Structures are given as C-alpha cells and as structure tokens.
Amino acid sequence: MGETIPIAVPRKGRPLECVLDRIAARLDVPALADDVTSTLRHEKALTKGRLDAEEDVYHRLAAYSAVDDPTEPEYTLLRDDRAGKPRRIVFDSVTIPLEERNGTEIQLVGREEPFRALRTHEFALGFDSADLVLEEVVELRPEPLNRIADVNARINPVDTDVRVVTGLGDTVYHTLMATPETAPQQAAIDRDFLEGYEGPLCIEPRYERLVQAVLGTKTLDGVDFRYPAEGREEEAAIADAGLGVYLTVTGSTAREHGLVLGEQLFPSETVLLENDSEVTDAVAAVRSALANGAPETELALPN
C-alpha cells in the first residue's frame, strides 16, 4: 500500500501558479494545473469586479469542487478584505497519484501560511515565499547574504527545523532605487553606495528584517528606516525619502516617480521547503522529484 505525502502550498496568486507549473512539469499533469489556474484567475477577476458573476459564490464553489474524487481539485472560501467582497474562492486540495512510485501519492493542501505550517510540523514539505524565511528565522549579521546556502546557514536550529531546498524561478526582485538628487548620475546605487550613505531608507515595515538580513547590519550603519504613510504609494514614498527598496517587476512605475533603479538585492521567489525532522524515505523521494536535484536556482544573488 502506498503512502500519501501532504505538501503545503499557497491558496492563490502567482506563488500557487508557479507551484502548479512545477508540479505539471515534474509529474506530467498539465491539465490539472491549467484547470486550477484558470479557475482561480476567473475568481480573481470576479473579486476585483472585472467580471460579473452569473451565480453566487456558493453555487460556483459547488460547481468547481469534486468532493467525491480526491484526484479532482477542491476549493474553499476565504474571507476577502475588499469592501463588499466578504468571500473569495481559493484552492483547498487535490491528490496526485505517482504511478511509478508503488502507489505513493501526493496531496497538495492549500494554506494561508505554508512556511508556518511546516514550522509547526504539520507538513514535511511545502512551498512558500523566500521572503518569509528571511523575515522570520534568518539571523541578522554584519555581512550580507550572497547565495542560497547562506540562507540555511543562518537559520538557528533551535528556532526551526525548516530549510530551503530550492527555488522555482518566479523571480521578482527587491530593488534599490533613488532620486537623482540622492544618488548623482555617476554614482552606482548598490551596497557600496549604501555603506557610505547616511539618511532615510524607505521600505515596507514587513521587509525591515529582510532588508537587514540581505544587506547586512554593517551596511546599514547610519541608515534610518522610513515607512510609507497609510494609503501612500510605495514608490511615491521612496521619492519623498530619496532612497528606498521596493519589490519591482519592470521598474516602469518607479521611473514615473523620477526614481533611478539600482542593484537588485534579493529575489522574492517561491521556494520548496522541507522540515528536516519530518523527512522520511518517501518524503525524500518526492522532494527529489520536485526539486530535480538542483541545489541552486535564482536564489543565487547577482554579483
């Protein structure tokens, strides 16, 4: 009799789509991945008011979920914080048989915080943002982080048994940006610039520990963290401060605020995680299949 290996995954959004792409590629289930992705994109459009719903959310939930067949996706309702949108349909679970592994199967289980579910030993494997690892468990040191191996090396074993296995490549960078007045045209906006800089650095409050870990506390001597005011657009707030760090895809909106893009500091990437104390032989086999044996990915920092 085979074993079912539960894997914690995000409930919605780009990280879940990236996980589904990896699952589709490694386990040859493209139709399943497409089904979940298209369903959740449709629901996102309804939630944001870009489409009008012909049925209420409960009828749609019943239509999407195949509760009698675990190999078909099931969905659930999540309270949404948008005014007038109290419920949103999100991913709940699906079971995928692994025919070549003697009846072993995996069960993708949606969680709001997969990383924390691994920390509490609910799962041996999971996918979540690398940001959360830096924000919660990576030790702060004077020197900056340079590669994925450094992330695991800075996790105190007393704090958690969770480690990063590999990244999935859905890379969006936390990027340094500044006004021309703060960083003259001839100046490179990078870690070296920050080492000689004293003054405000605008970031989202939740990224303070991440920025400290990536840049190193020595680099941040003399830097005063500032946070965007309530309702203030991040890039506009960075323009007010003169220098900041922002999660950016293309940088086009940064330029609209007169900001110059600098060094890409660290990728906001979905990563495969494992709780080392929960790993069995079956879990290790599934981990290897999903990681493809690669110890490094986009998580290696730019030189």
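## Glu274 and Arg287

Glu274 and Arg287 form a salt bridge, with their closest N and O atoms 2.7 Å apart. The term stands for a side-chain nitrogen of Lys or Arg within 4 Å of a carboxyl oxygen of Asp or Glu. Glu274 belongs to strand 12 (residues 270-275) and Arg287 to helix 11 (residues 281-291), so this pair ties together parts 13 residues apart in sequence. Helices (H or I, at least four residues) and strands (E, at least two) are DSSP runs, numbered from the N terminus.

Glu274 is buried, at a relative accessible area of 11%. Buried means under 20% relative accessible area, exposed over 50%, and partly exposed in between (1.4 Å probe, protein chains only).

## About the model

This is a predicted model, in which local features need pLDDT of at least 70 and side-chain atom pairs count only at pLDDT 80 or more, while totals for chains, interfaces and linings use all residues. Residues are numbered from 1 along each chain as its sequence is written, and side-chain values use heavy atoms, leaving out hydrogens and water.

## Links across the chain

Glu263 and Arg191 also meet through their side chains in a salt bridge (2.3 Å, N to O). This pair links distant parts of the chain, 72 residues apart: Glu263 sits in strand 11 (residues 260-268) and Arg191 in helix 7 (residues 191-195). Both Glu263 and Arg191 are buried.
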